[in-house]
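Good morning, everyone. Please take a moment with the sequence and the structure before I start talking.

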Amino acid sequence: MTLTITQASCADDYDPNSMPVDKARQFIHTFLTPIRGIARVPIRTALGRVLAEDIVSPVNVPAHINSAMDGWAMRFSDLAPGTPTALLEIGASFAGVPFGKSVGSGECVRIFTGGVVPEGCDTVVMQERAQANGKSITFAPGIQKNQNVRFAGEDLKAGAIALAKGRIVRAAELGLIASLGIGEVAVVRPLRVAYFSTGDELRAVGSHLEEGQIYDSNRYTLHGMLARLGCEAIDMGVVRDDPALLEQAFRDAGAIADVVITSGGVSVGEADFVKALLGKLGEVVFWKIAMKPGRPLAYGKIGEAHFFGLPGNPVSVMVTFYQFVRDALLTLQGVAPLPVQPLLKAICTSPIKKAPGRTEFQRGVLYIEDGVWKVRVTGEQGSGILKSMSDANCFILLNDATGNVAAGATVEVQVLEGVV
Ligand code: AMP
Ligand code: MG
């Protein structure tokens, strides 16, 4: 099936007044193909990047049969099942310094965690279950065969896939890759994301404000969110609401980036001329999403680049970024599977007024009281109040069907920690 972007606005169940959040998300997803381009980097540089190739283990992990405990290694068949057994200690195996010889019947070897289990031995008894009298060591009964022994290849066999392509490299992956002796990995090149703000009222930080003017904050929140996703963020500044300047900015951004993000200029009134402009440069659909905040949203292509036109209000920018753009950017970087964003249930301690028919993302503070998870709203929820976002550690997610929420009701929350 080939789907053109403009088909979204004439689909059978499309309601021009409200596009459901999930539907818009799914629609965008059909146009996302991961970028090509690989860089080989030293493993530390791979932190936060996406693996472009499977990491195949060149070795068995662990490489050798070894002990999981400090104790003694012996043959299981030497241990009497119901009574203590005394064996003769004939040497020691330290981590990195193996005993090196074979162990016979009636013998045992002092062994430390990580030490190679000597040939002939199949079981380790922890030192707490043994009594040493010179070289004669007495073991308590009740030991099982292979107890406290880690076998070669038990964690990972040589030739097996240790990490699949598409995984984001975190601290655990860095360590795992290093444990295989691999010093360099192939990662997806950073996604190039160009962004600019639109609006005659916007001024850059550091300049003097005349009456009616405001500082541009959206480029800063966008910078923060893009940097957290490992994107190469290309700041293209503020562009005035002037068709010629906007056309040039869209052309420039589309030519250098994989993704173009703008804020402002997609609301009713402003949208018409931006719509006409983008119609010339590519294919873009404008939606009124059935959500609050973040109603107007545009998605499409400017040449080869993906385009997201976010609303202008600072909170709406962040909410629409998290709900639509974030997963799209991860998908374009080849992340698979996408990290799940858990929804937790919490008792809402603030009453919330809400009309059914749209999804709301209220900014909340999740906390624990007497062992119960609770959430309260951050205060005024206006889409221009960035402080509500800064004070929040979660979104309170109220779906389409939900109406007013009484204090004490259970709600779903999406935790922001680790994401913002
Ligand atoms: P718009 O979507 O362009 O109509 O903008 C909606 C509201 O968001 C207006 O009050 C704008 O002044 C404000 N706004 C738009 N862009 C920005 C920005 N980059 N930084 C801060 N506020 C903005
Ligand atoms: Mg504007």
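This is a predicted model: local features need pLDDT of at least 70, side-chain atom pairs count only at pLDDT 80 or more; totals for chains, interfaces and linings use all residues.

The structure holds 0 disulfides, a disulfide being a pair of cysteine sulfur atoms within 2.5 Å. As a reminder, such a link is a covalent bond between the sulfur atoms of two cysteines. C121 is in no disulfide, and its nearest cysteine sulfur, belonging to C108, is 8.2 Å away. C121 counts as buried because its relative accessibility is 8%, and C231 is buried as well, at 10%. Here buried means under 20% relative accessible area, exposed means over 50%, and partly exposed lies in between, with a 1.4 Å probe and protein chains only.

Residues are numbered from 1 along each chain as its sequence is written, chains are lettered from A and ligands numbered from 1 in the order in which they are written, and side-chain values use heavy atoms, with hydrogens and water left out.

Let us turn to ligand 1. Which residues come nearest to ligand 1? Of the 16 residues around it, they are E201, D216, S217, G265 and E270, where a residue counts as near if one of its heavy atoms lies within 4 Å. This shell divides into 4 nonpolar, 9 polar and 3 charged residues; Ala, Val, Leu, Ile, Met, Phe, Trp, Tyr, Cys and Pro count as nonpolar, Asp, Glu, Lys and Arg as charged, and the others, Gly among them, as polar.

Looking at individual atoms, a nitrogen atom of ligand 1 is 3.1 Å from a side-chain N or O atom of N218. An oxygen atom of ligand 1 is 3.0 Å from a polar backbone atom of G265, and a backbone N or O atom of G312 lies 3.1 Å from an oxygen atom of the ligand. Taken alone, ligand 1 exposes 480 Å², of which the protein buries 79%, with areas from the Shrake-Rupley method and a 1.4 Å probe.

Definitions and conventions:
A polar contact is a pair of N or O atoms within 3.5 Å; within protein, one must be able to donate a hydrogen and the other to accept it, and residues adjacent in sequence count only if both atoms are side-chain atoms.
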